[in-house]
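This briefing accompanies the sequence and coordinates shown below.

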Amino acid sequence: MLQNDGVLDRCRQMVDPNMVFLQDIALVYKSRLAKNFMNDKNVELRDWPAYSPDLNVIENMWEIPAPKVYVGARECQMVLELKNTILLVWETLDQP
């Protein structure tokens, strides 16, 4: 997603060219592909300390739609499929 959508470049423009990415312990962040991409883009990575309090609003918010996105152990095969599924679920949520 960072590579395809140019998110990394936009983040660097808006935040700081020398920003540091903090990442949790999810295995997707530890993959060879992810590590190589970040290394190629000269991104400094930092791991969250083990058992640190999660203060990330997005992570806390994700607890609401995630069960519906992955209902029945659904796995999306493509990024576009995941994006569309998330948008469909988002539209069904109560948003006071």
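**Arg12 and its surroundings**

The backbone oxygen of Asn42 is placed 3.3 Å from a polar atom of the Arg12 side chain. The model is a predicted one. Its protein chain contains five helices and two strands, and the order of these elements from the N terminus is α-β-α-β-α-α-α.

**The chain as a whole**

- The protein chain has 96 residues, of which 16% count as buried.
- The accessible surface of the protein chain amounts to about 8200 Å², and carbon and sulfur atoms account for 59% of that area.
- Of the contacts in the protein chain that link residues at least 6 apart in sequence, 47% are between residues at least 24 apart.

**Arg12, a buried charge**

- Arg12 belongs to helix H1, which spans residues 7–14.
- Arg12 is buried but forms no salt bridge.
- The nearest side chain of opposite charge is that of Asp9, at a distance of 4.8 Å from Arg12; this does not qualify because a salt bridge requires a side-chain nitrogen of Lys or Arg within 4 Å of a carboxyl oxygen of Asp or Glu.
- When neighbours within four places in sequence are set aside, the contacts of Arg12 are Pro17, Met19, Lys41, Asn42 and Val43.

- Most residues other than glycine have a negative phi.
- Asn42, although not a glycine, has a positive phi of about 55 degrees.
- Asn42 sits in the loop that runs between helix H2 (32–40) and strand E2 (44–47).
- With a relative accessible area of 67%, Asn42 is exposed, because the exposed class begins over 50%.
- Ala73, likewise a residue other than glycine, has a positive phi near 60 degrees.
- The loop that holds Ala73 lies between helix H4 (66–69) and helix H5 (79–92).
- Ala73 is classed as exposed, its relative accessibility being 64%.

- Ile25 is located in the loop between strand E1 (20–23) and H2.
- The relative accessibility of Ile25 is 70%, so this residue counts as exposed.
- Although 23 residues separate Ile25 from Trp48 in sequence, their C-alpha atoms are 7.4 Å apart in space.
- Val20 is part of strand E1.
- A relative accessibility of 32% makes Val20 partly exposed, because this value falls between the limits of under 20% for buried and over 50% for exposed.
- Val20 and Leu45 are 25 residues apart in sequence, and the distance from C-alpha to C-alpha is 5.9 Å.
- Apart from neighbours within four places in sequence, Val20 makes contact with Glu44 and Arg46.

**Thr85 in helix H5**

- Thr85 is situated in helix H5.
- Thr85 has a relative accessible area of 12% and is therefore buried.
- Beyond residues up to four places away in sequence, Thr85 touches Val69, Arg74 and Cys76.

Key:
Residues numbered from 1 in each chain as written. Predicted model: local features only at pLDDT ≥ 70, side-chain atom pairs only at ≥ 80, totals over all residues. Heavy atoms only, no water. Helix = DSSP H or I, 4+ residues; strand = E, 2+ residues; numbered from the N terminus. Buried < 20%, exposed > 50% of the residue type's maximum accessible area, 1.4 Å probe, protein only. Lys, Arg positive; Asp, Glu negative; His and termini not counted. Polar contact = N/O pair within 3.5 Å; in protein donor to acceptor, adjacent residues only side chain to side chain. Contact = heavy atoms within 4.5 Å. Areas by Shrake-Rupley, 256 points an atom, 1.4 Å probe, with all protein chains shown as cover.
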